[in-house]
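Here is a short report on one protein model. Keep the sequence and the 3D view open as you read.

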Amino acid sequence: MTTPLRKSLYVGIAGLSIMGTAAACAPTTESPSTQTPATQNGGQASTTSPSSSGAAAASGESTYKDGTYSSDGTYTSPNGQETVGVELTLTADKVSAVNITVHPSNPNTKKFQGEFASGIAAQIVGKDIDELNVSKVAGSSLTSGGFNEAVEQIKSQAK
């Protein structure tokens with residue numbers, strides 16, 4: 001292969017690599033109001049703005065039955081599969097109480113699930129269940145995946 005041709009190939013490959021990297025780092029086309037607030041408020045627990053029960057709430061109808069519901073959610077940590085227990089009390093589609101049951105498999109998981117459990121109530125009590133999408137609470141980001149999974153199961157139970 002000749003030197004100019006080789007240089008052209010290297011430049012072309014480098015250009016494609018840079019374009020791929022730039023595309024992966026490009027901002028999304030979502031407006032700030034539709035992005036999850038976790039990206040807006042430093043990664044703390046967040047809720048999404050759009051609500052599927054907005055029309056029901058505006059007319060005074062509840063989408064979910066009032067009551068206390070519980071479910072376990074799972075997530076993957078560096079130590080493997082983990083489980084977190086979630087109990088929510090719903091009143092007029094809003095979370096009025098939350099209780100987290102930790103199921104740690106090791107001391108590290110116990111620490112993070114404990115931190116999550118101690119900080120979650122302040123982030124979700126009073127919020128509409130359809131707006132819950134927790135991303136990080138008290139430094140624990142992986143536990144939120146199990147929490148969100150459990151919330152989806154609770155929504156199904158409360159219909």
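Where is the place of S140? S140 sits in the loop between α3 and α4.

## Basis of the model

This is a predicted model: local features need pLDDT of at least 70, side-chain atom pairs count only at pLDDT 80 or more, and totals for chains, interfaces and linings use all residues. Residues are numbered from 1 along each chain as its sequence is written, and side-chain values use heavy atoms, with hydrogens and water left out.

## Overall layout

The protein chain has four helices and three strands. Along the sequence the pattern reads α-α-β-β-β-α-α. Helices (H or I, at least four residues) and strands (E, at least two) are DSSP runs, numbered from the N terminus.

The protein chain has 159 residues, and 31% of them are buried. Buried means under 20% relative accessible area, exposed means over 50%, and partly exposed lies in between (1.4 Å probe, protein chains only). The accessible surface of the chain is about 8,900 Å². Carbon and sulfur atoms hold 58% of that surface. Areas come from the Shrake-Rupley method with a 1.4 Å probe; for residues, only the protein chains shown count as cover.

Contact means heavy atoms within 4.5 Å. Take the contacts in the protein chain with a separation of 6 or more: 58% of them join residues 24 or more positions apart.

## Helix α3

Helix α3 covers residues 107–124, 18 residues in total. The expected span is 1.5 Å times one less than the number of residues. The helix bends by about 30° at S118. That bend is the angle between axes fitted to the seven residues ending there and the seven starting there.

At the start of α3, a side-chain oxygen of N106 comes to within 2.8 Å of the backbone nitrogen of N108. Just after α3, G126 has a positive phi of about 95°. The buried residues of α3 are T109, Q113, F116, G119, I120 and I124. Their cover includes β1 (67–77), β2 (80–91), β3 (94–103) and α4 (143–158).

## Helix α4

Helix α4 has 16 residues. From its first C-alpha to its last it reaches 23 Å, close to the 22 Å expected at 1.5 Å a residue. Its buried residues are T143, S144, G146, F147, N148, A150, V151, I154, K155 and A158. What covers them includes β1, β2, β3 and α3.

E149 is also in helix α4. E149 is partly exposed, at 31% relative accessible area. Leaving out residues up to four places away in sequence, E149 touches D72, G73 and T74. E149 and D72 are 77 residues apart in sequence, yet 7.9 Å apart in space, C-alpha to C-alpha.

## The nonpolar core

Which residues touch the most other members of the largest nonpolar core? They are L88, I100, I120, I124, I129 and F147, out of 22 residues in that core. The elements that give two or more residues to this core are β1, β2, β3, α3 and α4. α4 gives the most, with five residues. A nonpolar core is a set of buried Ala, Val, Leu, Ile, Met, Phe, Trp, Tyr and Cys residues joined through side-chain atoms within 4.5 Å.

I129 deserves a look in the viewer. Beyond its neighbours within four places in sequence, I129 is in contact with Y64, L88, L90, D93, V151, I154 and K155.

## Loop residues

Is S140 buried or exposed? S140 is buried, because its relative accessible area is 2%. Not counting residues up to four places away in sequence, S140 touches F112, F116 and S135. A polar atom of the S140 side chain lies 3.5 Å from the backbone oxygen of F112. A polar contact is a pair of N or O atoms within 3.5 Å; within protein, one must be able to donate a hydrogen and the other to accept it, and residues adjacent in sequence count only if both atoms are side-chain atoms.

A138 also lies in the loop between α3 and α4. A138 is not a glycine, but has a positive phi of about 50°. A138 is partly exposed, with a relative accessible area of 36%.

A92 is in the loop between β2 and β3. A92 takes a positive phi of about 55°, although it is not a glycine. A92 is partly exposed, at 46% relative accessibility.
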